[in-house]
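Please read these notes with the model open beside you. They cover pockets, helix packing and the annotated spans.

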Amino acid sequence: MSFLYLLLAVVLLGIIITAHEFGHYIVARLTHVKVEEFAVGMGPKIVGWRKNGIDYSLRAIPLGGFCRFTGEDEKSDSPDAFSAQKRWKRFLILFSGAGMNFVLAYVAIVLFLAIYGVTLAQVPQIYGLVEGAPAQEAGIEAGDVVVAVNGQAISFDEAGLDAMTRAIDQSEGAVEIAVERDGEAMTFTVEPETASVDGQEQRQIGVYLGREERASFGEALRASGERFAYYATFMLDTLRDMLFKGENLDQVMGPVGTITSMGDQAQAYGMQAILSMVALISLNLGIVNLLPLPALDGGRLVFLLADAIVVKLRGKPIPPEREGMVHAVGLLLFIGVFIAVTYQDIMRLIAG
């Protein structure tokens, strides 16, 4: 893999992380919570600057990022502190990082389907053939356009497709199928076979009908929700198997493995792979961040719920310092996991 594609992969991962942190940042600004620092990456600063009282930084390790608020993990008397806000505001701020990842994933899926997606136009053109079926035995080929069945003209539209299937179903004995192939007219005699369709007998010749066409933006928009739901369900099932069954743990990738995989895919398949990888990784990041674990947004949301219960029972909230301590321990554990998966990534690279 060339250095250019490696750099591209780092930039793409940075965009996904930036989208996550920007979600926290923009909702905090809209709800008038004081942002102290907005950082992309972890570890030592590569570059940093300060504007309107907020520190911005780009850091060396493309593991994640953070958006630090006043009063996030400590008590503060400031009215614009995170801990001083109503719970619905804190919920929105915490959820918005994953929410922005979901938005980015959805946009990437829409673009992928709009640029590379295809639909099957309902026209009487042979899209494929069933192996060993009458049409294939007679010599009909994929790409042939059916123009007549037993002398009945067939129009090149959905009505023509319906007329073709109906004429074959209602025929007796062999049927004559007239087709156009590369501008040449050809006729084939085909003996349909009977098959059960939705509980009813139907005469068929064993072809798939339709023509691939580039999906319109509207079609891509409609199909993207289903694709998004499919990816999300698959990832949740995979996470469940990892956490509760210990399956596929050897396939977990850290930043090194992720960047390497993204670079390889981009070099091999170009923009098609880039959009697909951005969608999958952004969606995965959003889902993982909502897991109810310390230091993750999901863990903070659990504390928000627990705080509401404690206030109801005891009349006073959980001290922010105590929550901050739990998340600090969680962060140390995640650093350990990061080191382990990075080692695994490097061993994979060495092994080829």
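**Notes on the model**

1. Start with the second largest pocket. Its lining has 10 nonpolar, two polar and eight charged residues. Here Ala, Val, Leu, Ile, Met, Phe, Trp, Tyr, Cys and Pro count as nonpolar, Asp, Glu, Lys and Arg as charged, and the others, Gly among them, as polar.

2. A word on the basis. This is a predicted model, where local features need pLDDT of at least 70 and side-chain atom pairs count only at pLDDT 80 or more, while totals for chains, interfaces and linings use all residues. Residues are numbered from 1 along each chain as its sequence is written, and side-chain values use heavy atoms, with hydrogens and water left out.

3. The second largest pocket holds about 410 Å³ of space. Its lining numbers 20 residues, and those closest to the centre are Ser83, Arg90, Pro317, Ile318 and Pro320. A pocket is an open set of points on a 1 Å grid over the protein atoms alone, with protein on both sides within 12 Å along at least five of seven lines; a cavity is a set where a 1.4 Å probe fits but cannot get out; lining residues have an atom within 4 Å of a point. Points are joined across faces, edges and corners, and a volume is the space filled by probe spheres set on them.

4. Which helices supply that lining? At least two residues each come from α2 (87-116), α8 (297-314) and α9 (320-351). The largest share, five residues, is from α8. Helices (H or I, at least four residues) and strands (E, at least two) are DSSP runs, numbered from the N terminus.

5. The largest cavity has a volume of about 40 Å³. Its lining consists of Ala108, Ile109, Phe112, Arg227, Tyr231, Leu275, Ser276 and Ala279. Two or more of these residues come from each of α2, α5 and α7. By class, six are nonpolar, one is polar and one is charged.

6. Helix α2 also packs on α5 (residues 217-245), at an angle of about 130° and with the axes 8 Å apart. Axes are lines fitted to C-alpha atoms, for helices over the stretch in contact, and angles run from 0 to 180 degrees between N-to-C directions. So α2 is oblique to α5. Angles under 35 degrees count as roughly parallel, over 145 as roughly antiparallel, 65 to 115 as roughly perpendicular and the rest as oblique. The crossing of α2 and α5 is right-handed; that is, the near helix is turned clockwise from the far one by less than a right angle, anticlockwise being left-handed.

7. Helix α1 (residues 3-30) packs on α7 (residues 271-289) at about 40°, with axes 10 Å apart. That makes α1 oblique to α7. The crossing is right-handed. The axes of α1 and α2 come within 7 Å and cross at roughly 140°, so α1 is oblique to α2. This crossing is right-handed too.

8. Last, the record. UniProt lists "transmembrane region" (unreviewed entry) at residues 91-116, 269-291 and 324-343. Its positions are in the numbering used here, feature names are shortened, and annotations may be inferred rather than shown by experiment. In the model, residues 269-291 are 87% helix and 0% strand, with end C-alpha atoms 32 Å apart. Residues 324-343 are 100% helix and 0% strand, with end C-alpha atoms 29 Å apart.

9. UniProt also places "domain: PDZ" (unreviewed entry) at residues 116-183. That span is 26% helix and 38% strand, and its end C-alpha atoms are 28 Å apart.
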